[in-house]
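Below is a walk through the aromatic rings of one protein model and the parts of the chain that they join.

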Amino acid sequence: MAAEEERPRILYPDSGPEPPYPLRMEGTVISGFGRGSKELGIPTANLPVDDTVTPWIATAKSGVYFGYASLALPSSHPDNTNHFHRHHTNPRAAADAPPAPLASSNPPPPHTTITSVSTAPETFPSFSSSSDGVTEEQTKAESKEEEAQGSKPQEDGAQNWQIYPMVMSIGYNPFYKNAVRSAEVHVLHKFAADFYDAPMRLLILGFIREERDYSSLDALVTDINIDCDVARQSLARPAWTPREGTVDGTRGEFDGSWLVRDA
């Protein structure tokens with residue numbers, strides 16, 4: 001078994017994050033190096049690294065971290081939980097796991113087709129969806145599901161913050177020999193469209209590993225996929241799950257109120 005495959009998948013005690021965590025970071029999603037989807041098959045959202053806004057990042061060890069990201073997606077975004085026509089996925093499921101089946105009482109999901117990527121190659125693929133076949137009964141059923149998951153109706157002018165598990169790197173990425181330090185976030189959720197310019201907040205709960213150089217692109221991708229597994233499994237414990245609830249409806253004991261607070 002390769003050394004990478006022997007890495008532990010659950011880090012830190014079950015009791016929850018320990019100092020200096022959690023660490024906070026927020027900003028607006030910006031374009032990055034254009035490699036996440038194109039070369040790695042792992043789309044990333046990028047935040048500017050500014051130690052005047054985020055003082056702790058100046059002395060933070062370069063490497064891979066995990067925790068939660070909250071996004072204030074536009075009301076028209078297909079992944080906004082208040083958007084009546086949305087695509088449900090489980091952010092903690094394996095990358096190749098199929099979406100959860102619809103209840104038998106609901107009609108089939110609307111037809112979805114891939115269209116061109118609307119921004120840089122690193123962005124998430126853009127999708128177009130037809131609303132044909134969406135009935136009033138389906139809309140009511142989805143509204144009931146939102147209530148069961150604890151989602152709140154979005155008031156006019158209010159931001160609907162949605163919480164997702166995430167893994168992120170802070171550093172120079174030795175494999176690509178970056179000259180500028182970056183913060184690249186991989187949200188553990190399959191998005192139906194990109195979200196450049198969306199407000200994002202990060203609550204970093206732990207450190208996974210130091211950044212490394214690699215002999216091949218395949219070795220880098222293997223390690224990143226293990227990082228994702230480590231994040232999923234480490235966060236899938238009550239004391240590591242926010243009581244405010246993640247986008248899949250999971251609730252725990254951790255105080256994640258900063259992720260969804262009003263600005």
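A residue counts as buried when its relative accessible area is under 20%, as exposed when over 50%, and as partly exposed in between (1.4 Å probe, protein chains only). The model is predicted, so local features need pLDDT of at least 70 and side-chain atom pairs count only at pLDDT 80 or more, while totals for chains, interfaces and linings use all residues. Residues are numbered from 1 along each chain as its sequence is written, and side-chain values use heavy atoms, with hydrogens and water left out.

Six aromatic pairs turn up in a search of the whole structure. Rings of Phe, Tyr and Trp (its six-membered ring) pair if their centres lie within 6.5 Å; planes under 30 degrees apart are stacked, over 60 edge-to-face, and the rest tilted.

One of the pairs joins Tyr 12 and Trp 240, which is tilted because the ring planes stand at 35°, with the centres 5.9 Å apart. Tyr 12 comes in the segment before β1 (23-28) and Trp 240 in the loop between α2 (217-235) and α3 (257-260), so the contact ties together parts 228 residues apart in sequence. Helices (H or I, at least four residues) and strands (E, at least two) are DSSP runs, numbered from the N terminus. Tyr 12 is partly exposed at 33%, whereas Trp 240 is buried at 0%.

Tyr 164 and Phe 191 form another tilted pair, 5.2 Å centre to centre with 55° between the planes. Tyr 164 belongs to strand β6 (residues 161-171) and Phe 191 to the loop between β7 (182-187) and β8 (199-210), so parts 27 residues apart in sequence are tied together. Tyr 164 is buried, at 0%, and Phe 191 is buried too, at 6%.
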